[in-house]
Amino acid sequence: MRLSLAVAIVSSLWSLSVASPLSAGSLKERATTFTNPVLWEDYPDLEVIRVGDAFYYTSSTFAFSPGAPVLKSYDLVNWAPVSHSVSTLNFGSKYNLNSATDRAYVKGIWASSLRYRESNDMFYWMGCVESGKTYVWTAGGTGAGKNNGEVSNWNWTAAATINKCYYDNGLLVDDDDTMYVAYGNTKIMVAQLSKDGLSEVKSQQVYVSSDNAYIEGSRMYKVNGFYYIFVTKPANEEWVLKSQSPWGPYEMQVLVASIAGPLTSAGYAHQGGIVGTKDNKWYYVAFMDSYPGGRIPVAAPITWTSDGWPQLVKDGSAWGKTYPMPVQTTKTVPSPVGTDNFEGSALSHEWEWNHNPDNSKWKLAGGLQLQTATLTNDLFTARNTLTHRIIGPKSSGTFRLDISQMKDGDHAGAALFRDIAAYIGIHKDGSSAKLVMVNNLSLSTTWATNATGTVAATGPTLASGTTDLWLRVQADITPAFGSSTQRTTTFWYSTDGSKFTQLGSPFPMTNAWQFFTGYRFAVFNHATKALGGSIMVKSFTMEKL
Ligand SMILES: *[C@@H]1O[C@H](CO)[C@@H](O)[C@H](O)[C@H]1NC(C)=O
Ligand SMILES: *[C@@H]1O[C@H](CO)[C@@H](O)[C@H](O)[C@H]1NC(C)=O
Ligand SMILES: *[C@@H]1O[C@H](CO)[C@@H](O)[C@H](O)[C@H]1NC(C)=O
């Protein structure tokens, strides 16, 4: 944090406001422009809504748990996760990471939808899982409509399961309070929902292109009397369907097609949605494939033609790197960087477990205590690995650990977590605690474990009673998508918290998109001999570099 502030101070006013977007309110008030990406973290398949002064953002999280984070912003630029719609992945037992063969990598929460319904003061989240059933979670009694968008208590409940897949769905609450959902691929469908929004009344196909193009990622709106369905032609175009009725007929115009984006070696901005500010300025927020870091959000203003077609405000022929700030406000959200001392009564919403955790094996008790939850030599099969998105383009994640309660055979440490992974950690062997850097952990293309990793470097053997060990993962997630360049991550340790020593060689990251989720920081602890050991995670610090 200190570093980014120092950098900001020597920069111009313009870059000051964006180099440190979440610093003190006094600096933020002076921000007149913003820079894309708005939040350089992996938050794909977004939908952005506004309730009063607050914007909320939902995103897909696959087999990470809790799922479907809700991010909040007052200006569409500074975002912080404040809740998760899906408290527990209630999609079947494989989401509990039961074994090497009974697990759900890459399955789970795909493009889903979030809406607020004023009439019953309820947020609705809806997602289709594994092309099977559609799950609806609701948060009622939030008071958001009456309280300018503020939610005192997110009360998410598994409200319904609809025995049909609303694939890549987008909800709409119409002016007359009727709820609709647009969904499907190639053939775009609309369903009308029951009064409580929890079941289907009827559905029908509303659009298919003359050339049967593969389109998906529906987002549904009503603006100035017209119904709109935004769909993406992956992974480079966004189409707008417009009609006077939710049931069509829909006319189509292309909003963006392969326009140059604000970052190099990243994909085209696509699969987004629109949102209006209180003073009726509209924005299109989409994401760019930015591997190895995942899919990150970018925003741009839109204008409307007199006959109701949205037009992206470009910089020349490209998506702008900077635009005027959408909303001038002194209201702020917490910074994505800084230190988490695990002091609250619950984990912050920056954290997601790899699959549903075993809640009997972790607790907050003056830090985060992770007991070994699984007997395995495979990190991909171990329960209770806790993950945190990496902020780009370069950042470090440092875990401060007490390893004194590890037992013989336990493996614990700080990982660079994805389908091709590496870590720095402790392999407890008898009474000695061996510091190791392990690389080449990998999942196959069907997400079975292919390799459990190779010890690539060893550090000093640490005293068994070590109560303070800092493990650092330093990652460069500058996009290299579609390129043969591989960004690298380095692994460091310290026994005093100030002098860090690198262990092992820089680890090259994969740019492949197929795992969908980008690289994350993670902390883990699993047993290879017997359960019973634990570590205490005293703090985690993420710093931009
Ligand atoms: C939580 O939401 C349910 C409906 O989903 C509602 O019945 C209940 O009153 C809410 N509880 C609180 C504390 O707001
Ligand atoms: C499987 O692991 C081996 C050994 O680390 C590696 O050479 C190979 O590339 C891996 N395959 C996949 C699909 O990750
Ligand atoms: C293991 O990873 C290193 C890079 O960290 C790479 O050079 C090496 O080829 C990998 N080995 C295998 C067997 O995949």
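This is a predicted model: local features need pLDDT of at least 70, side-chain atom pairs count only at pLDDT 80 or more; totals for chains, interfaces and linings use all residues.
**Ligand 1**

The residues around ligand 1 are Met-122, Thr-138, Gly-140, Gly-141, Asn-155 and Thr-157. The protein covers 45% of the 360 Å² of accessible area that this ligand has on its own. Sorted by class, the shell of ligand 1 holds 1 nonpolar residue and 5 polar residues, with no charged residues. Asn-155 makes a polar contact with the ligand: an N or O atom of its side chain is 2.4 Å from an oxygen atom of ligand 1.

**Ligand 2**

Around ligand 2 are Ser-442, Leu-443, Asn-450 and Ala-451. Of the 360 Å² of accessible area that ligand 2 has on its own, the protein covers 41%. The shell of ligand 2 consists of 2 nonpolar and 2 polar residues, and no charged residues are present in it. Two strands, β32 (432–443) and β33 (449–462), each contribute at least two residues to this shell.

The table lists the side-chain pairs for both ligands.

| Ligand | Residue | Distance from a ligand oxygen atom to a side-chain N or O atom |
|---|---|---|
| Ligand 1 | Asn-155 | 2.4 Å |

**Cis peptide bonds**

Most peptide bonds are trans. A cis bond joins Ser-65 and Pro-66, with omega about 0°. Pro-66 belongs to the loop that runs between β4 (64–65) and β5 (67–73). Another cis bond leads from Tyr-291 to Pro-292, and its omega is near 20°. Pro-292 is in the loop between β20 (282–289) and β21 (295–304).

**Positive phi values**

Most residues other than glycine have a negative phi. Asn-148, which is not a glycine, has a positive phi near 55°. Asn-148 is located in the loop between β9 (134–140) and β10 (156–162). With a relative accessible area of 31%, Asn-148 counts as partly exposed.

Gln-271 also has a positive phi, near 50°, and is likewise a residue other than glycine. Gln-271 lies within strand β19, which spans residues 270–276. Is Gln-271 buried or exposed? Its relative accessible area is 8%, and Gln-271 is therefore buried, because buried means under 20%.

Methods. Residues are numbered from 1 along each chain as its sequence is written. Chains are lettered from A and ligands numbered from 1 in the order in which they are written. Side-chain values use heavy atoms; hydrogens and water are left out. A residue is near a molecule or strand if one of its heavy atoms lies within 4 Å of it. A polar contact is a pair of N or O atoms within 3.5 Å; within protein, one must be able to donate a hydrogen and the other to accept it, and residues adjacent in sequence count only if both atoms are side-chain atoms. Accessible areas come from the Shrake-Rupley method with a 1.4 Å probe; for residues, only the protein chains shown count as cover. Ala, Val, Leu, Ile, Met, Phe, Trp, Tyr, Cys and Pro count as nonpolar, Asp, Glu, Lys and Arg as charged, and the others, Gly among them, as polar. Helices (H or I, at least four residues) and strands (E, at least two) are DSSP runs, numbered from the N terminus. Buried means under 20% relative accessible area, exposed over 50%, partly exposed in between (1.4 Å probe, protein chains only).
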